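Hello,

Here is the structure I said I would pass on. My notes on it follow below.

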Amino acid sequence: MDLTSYAELAVRLVNEGGHPELAAVFDAAERGSEQEVVELLNALLRIRPIFPEISGHDGLGWHLHLSDDGGSDGAAEAHVKAVMGLAVMVTEFGIGRLGRCQDRGCRKAFLDTSSNRSRRYCSERCSSRANVAAYRARRRQGA
């Protein structure tokens, strides 16, 4: 089971809006508040317990899926998977892997999967925009 894809689902849900409880996890991680991140994730895990299920579909053979109690809609199940993905990321790699884009106009969430934990932007576009703005500011300052 690739739980990184579930953590990436959390990023998509946060960036699409409408999931303030997941956004709060990224905000706490940005502040460096490890205890708060853990408390928020534990609260979310208690609200909707997660159950592993063996599944076989699309010719993939038997594999594990995560679900809630089975009685909810697709959005609730996505939320369950996202919370579990974040919980695994935090326990395996620490809160430093959860980030918010440092471009002032963006602030989207992202997962830092770089080898040296150096990611600061959600995309190449935001990185380029910030670098160009910094370059222009230096040129204006020097002139």
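Helix α3 covers residues 34–47, and its 14 residues should span 20 Å at 1.5 Å a residue, which agrees with the 20 Å between its end C-alpha atoms. The expected span is 1.5 Å times one less than the number of residues. Helices (H or I, at least four residues) and strands (E, at least two) are DSSP runs, numbered from the N terminus.

This is a predicted model: local features need pLDDT of at least 70, side-chain atom pairs count only at pLDDT 80 or more, and totals for chains, interfaces and linings use all residues. Residues are numbered from 1 along each chain as its sequence is written, and side-chain values use heavy atoms, with hydrogens and water left out.

Val37, Leu41 and Leu44 of α3 are buried (under 20% relative accessible area; exposed is over 50%, partly exposed in between; 1.4 Å probe, protein chains only). Seen down the axis of α3, the buried residues fall within an arc of 60°, so they line one face of the helix (the arc is that of the directions from the helix axis to the C-beta atoms). On the other side of α3, Gln35, Arg46 and Ile47 are exposed.

The buried residues of α3 pack against α2 (20–30) and α4 (74–93). Leaving aside neighbours within four places in sequence, Val37 is in contact (heavy atoms within 4.5 Å) with Val25, Ala28, Ala29, Val90 and Ile95.

Elsewhere, Arg100 is found in strand β3 (residues 98–100). Arg100 is buried, with a relative accessible area of 12%.

Regards
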